[in-house]
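Please look over the structure shown here before reading the points. They are written for someone new to structures.

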Amino acid sequence: MLKFLYHTGRYFLLMKQTFSVPEKWSIFRKRLFEELDKLGWGSVGIVALVSIFMGAVITIQGAYSFTSPWIPLYAVGLATRDTTLLELSPTIISIILAGKVGSNIASEIGTMRVTDQIDALEIMGVNPSTHLILPKIIASVIINPFIILMSMFLSIFGGWMFGVLSGVVTSYEYVYGIQWGFVPYYVQYALEKTVVFAFIIASVSSYQGFFTDGGALEVGISSTKAVVWSIILVLLANFVLTQILLV
Amino acid sequence: MIEVKNISKSFGEHHVLKNISAQFLPGKANLIIGQSGSGKTVLTKCIVGLMPVDEGHVEYDNRDFLSMNFKQKKEIRQELGMLFQGGALFDSLSVEENVMFPLSIFSAMSHEEQLERVNFCLNRVNLVNSNPLYPSELSGGMKKRVAIARAIAMNPKYLFCDEPNSGLDPKTAIVIDNLIKEITLEFNITTVVITHDMNSVMEIGDNIIFIYKGEKWWEGSNEEILRTDNKEINDFVYASNYMKRIKNEFAKK
């Protein structure tokens, strides 16, 4: 318990230190665009792949589950749409990003710590947390909603493509289903969740990397901790946000 | 001048530094020597403010560094350069960008002026045409030279070198030693070098402080260190059989 409180306190102190004015805005802008490219563009491939197959599997499973004659076939499209918008794209893709981006952030900052690069920044008079962590957090918060929007589209598209190709649903029924009873707030809800998840992933992973102590082995441990804690906190935040935003 | 007054530092029950006081003079290579684990690196980290001290003061030209706020410390740090053991170059930046980094953040120079300064510094450490290379493409000696170029880019008044020769072959080590000595004299920098390399001690040691089990055990020059009868220093200096033989031959003469 004491250890948990120690880490929580140190995390908030790091965040306080991180959210201060950058030394030079032009350098910050450059770092921000680098991170947008690395954390955003670098994740597009895996997210696209996962999203398409996620949509495909929901559609096919849905079609085989809805065996009652009382359930119309267009419910397959509706189920794919709602599970994608409400849960699968914002939460599952954020968990995948916690694995990919979280380990990347923790290992990058952790390696900088154990090779004295962070000390070098401090010696120069640069606030290392603002210089290293702030662009990552801002970039994640900006880019992740776009990644999730893309995931939503590709998941629903994947459902249509594989549903039609496998013959479990017709194109007309699927498209009718995804339009039936559409609640635009679900998209807003998903994006609001995504912003919180992006902040958790970037800040928790940065924290784990920033306080790495030792060598290559400890960088690996920090990287693992970053992924595990990001996933736990994303799931916890998902529960809390669902209570606040949907119920 | 850097003045360290009564510095003590402990990690739990383990007292790493015990009441150390010392003066590091400008235009001289001030060496902190001692066995591994004697507290050299901790002392240096305390002096530059990377580690808090339990007791004591550090003064940079009569300015009490440890009692300063973050903004005041930042001003001192802009007068300070440091060469880390592994170079601590930023992996994602090229040689040119590494040396330009402090200039781009803290100087009001135009990009052309910054580039001119970068080329001057790289030229000063005998590294020409290496601007586009990345740290992963450099040898150990080249990394150290780029780190020296970055450390002197802002015209520092104080230069700290943490084991500048570690991992280098004897010839490159001498090149680095001489470079540190030349830069110290040329720009009248207060240079503090942490080392346990006896070649460095003899090459560049103007003012040497020997740390033993966290205490300042001895202070003197590179000529005096060979003549002292202090047992702990002799155990350190004449640790190898080769050095013992040389000592005995000198004694016979």
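Predicted model: local features only at pLDDT ≥ 70, side-chain atom pairs only at ≥ 80, totals over all residues.

1. Start with two helices of chain A. They are α6(A), residues 128-166, and α8(A), residues 185-210. Their axes come within 8 Å and cross at roughly 150 degrees. Angles over 145 degrees count as roughly antiparallel. The two helices are therefore roughly antiparallel to each other. The crossing of α6(A) and α8(A) is right-handed.

2. Which residues make this contact? From α6(A) they include A:I133, A:I137, A:V141 and A:I148. From α8(A) they include A:L191, A:V195, A:F199 and A:F210. By class, the contact of α6(A) with α8(A) has 13 nonpolar, six polar and one charged residue.

3. Next, find the largest nonpolar core. This core has 118 residues. A:I201, B:L43, B:M82, B:V99 and B:A149 touch the most other members. The helix that gives the most to this core is α4(A), residues 75-114, with 12 residues. A:I201 also belongs to the contact of α6(A) with α8(A).

4. Now zoom in on B:A149. Leaving aside residues up to four places away in sequence, B:A149 touches B:V99, B:C121, B:L122, B:R124, B:V125 and B:L127.

5. Finally, how many residues does each chain bring to the contact between A and B? Chain B brings 15 and chain A brings 13. On the chain B side, α2 (70-77), β6 (80-83) and α3 (95-106) each give two or more residues. The largest share, four residues, comes from α3(B). This side of chain B has 10 nonpolar, three polar and two charged residues.

Technical notes
Residues numbered from 1 in each chain as written. Chains lettered and ligands numbered in written order. Contact = placed C-beta atoms within 7 Å. Nonpolar A, V, L, I, M, F, W, Y, C, P; charged D, E, K, R; others polar. Axes fitted to C-alpha atoms, helices over the stretch in contact; angles between N-to-C directions. Parallel < 35°, antiparallel > 145°, perpendicular 65-115°, else oblique. Left-handed = near helix turned anticlockwise from the far one by under 90°. Core = buried A, V, L, I, M, F, W, Y, C linked by C-beta atoms within 7 Å. Buried ≥ 20, exposed ≤ 12 C-beta atoms within 10 Å, placed from the backbone.
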